[in-house]
Amino acid sequence: MKIAIVGRTADTFNYVKYVRSFAFTPLVTLEPEEICSCSALLLPGGGDITPAFFGEQNHGSRNIDTELDILQLQAFDLAVRAGMPVLGICKGMQIINVGLGGSVLQDLGPCAAKRHRYDNGDRYHGTLIKRDSWLHALYGDKTAVNSAHHQALARLGRGLASVQRCPEDGCIEAVAHSSLPIIGVQWHPERIDPERAGMDGGRVLDYFSSLCAGAAFRNP
């Protein structure tokens with residue numbers, strides 16, 4: 001199975017390794033139409049999304065790459081129209097949300113930022129998982145996750161529902177679409193430390209592969 005990763009080669013090493021760990025074939029590309037040759041789309045982590053794409057001015061966003069934002073949003077739109085499975089990780093989940101008309105909280109408050117931001121390594125914190133969700137089937141009612149972000153989902157996009165939150169500040173940690181094979185996590189399953197988290201991030205990709213196996217999508 002071939003999974004498209006829309007991003008820059010220099011920034012996607014961990015995602016390539018993650019995909020290959022399941023003997024899948026990664027295709028790192030900046031050409032949205034190339035996803036049509038793949039079974040699924042993975043939107044990786046990265047910098048912040050250009051605020052204009054969710055109707056706001058810059059109020060704390062940084063490390064913006066507008067060209068990449070455009071390409072990732074185009075790839076996501078193609079995947080949605082084709083019914084292709086999509087997995088978003090960190091920024092990738094935010095791309096999903098913005099692509100479906102949602103918005104981003106551009107800068108977490110000081111207390112929440114200390115809990116989630118990257119500081120010489122990922123931060124780890126507890127989360128609560130919604131029952132009867134795809135994530136609950138993998139990890140149960142709660143699990144620790146790793147964080148490396150200073151932004152969060154604000155208004156949810158069309159068809160998206162929160163399935164995991166940080167109980168201390170309400171930050172949305174994972175989403176699922178109500179009818180399409182689209183899932184996202186704010187944390188980083190591709191590099192999570194099983195000893196610190198007490199869980200295996202590979203279960204996310206394993207579940208995603210089951211969506212791919214069950215999807216009957218059409219090329220746009």
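The model is predicted, so local features need pLDDT of at least 70 and side-chain atom pairs count only at pLDDT 80 or more, while totals for chains, interfaces and linings use all residues. Residues are numbered from 1 along each chain as its sequence is written, and side-chain values use heavy atoms, leaving out hydrogens and water.

On a 1 Å grid over the protein atoms alone, a pocket is an open set of points where a 1.4 Å probe fits, with protein on both sides within 12 Å along at least five of seven lines, and lining residues have an atom within 4 Å of a point. A volume is the space filled by probe spheres set on the points, which are joined across faces, edges and corners. The largest pocket holds about 340 Å³ of space. Its lining has 24 residues, and Asp 11, Tyr 15, Gly 45, Gly 46 and Gly 47 are the closest to the centre. By class, this lining comprises eight nonpolar, nine polar and seven charged residues; here Ala, Val, Leu, Ile, Met, Phe, Trp, Tyr, Cys and Pro count as nonpolar, Asp, Glu, Lys and Arg as charged, and the others, Gly among them, as polar. Helices α1 (13-20) and α2 (66-82) each give at least two residues to the lining of the largest pocket; helices (H or I, at least four residues) and strands (E, at least two) are DSSP runs numbered from the N terminus.

The second largest pocket has about 220 Å³ of space. Among its 14 lining residues, Gly 46, Gly 47, Asp 48, Ala 148 and His 150 are the closest to the centre. Three nonpolar, seven polar and four charged residues make up this lining.

Turning to the interior, a nonpolar core is a set of buried Ala, Val, Leu, Ile, Met, Phe, Trp, Tyr and Cys residues joined through side-chain atoms within 4.5 Å. Buried means under 20% relative accessible area, exposed over 50%, and partly exposed in between (1.4 Å probe, protein chains only). The largest core has 32 residues, of which Leu 42, Ile 89, Trp 134, Leu 135, Tyr 139, Trp 187 and Phe 208 touch the most other members. Helix α7 gives this core its largest share, five residues. A second, separate core of 26 residues includes Phe 54, Leu 78, Val 98 and Ile 172.

The search of the whole structure also found three aromatic pairs. Rings of Phe, Tyr and Trp (its six-membered ring) pair if their centres lie within 6.5 Å; planes under 30 degrees apart count as stacked, over 60 as edge-to-face and the rest as tilted. Phe 22 and Phe 24 are stacked because their ring centres are 6.0 Å apart and their planes at 25°. Tyr 139 and Trp 187 form an edge-to-face pair, with centres 6.2 Å apart and planes at 65°. This pair links distant parts of the chain, 48 residues apart: Tyr 139 lies in helix α5 (residues 136-139), and Trp 187 in the loop between β11 (182-185) and α6 (194-197). Tyr 139 and Trp 187 are both buried.

Most residues other than glycine have a negative phi. Asn 63, however, has a positive phi near 50°, and is exposed at 64% relative accessible area. Cys 90 has a positive phi near 55°, but is buried at 5%.
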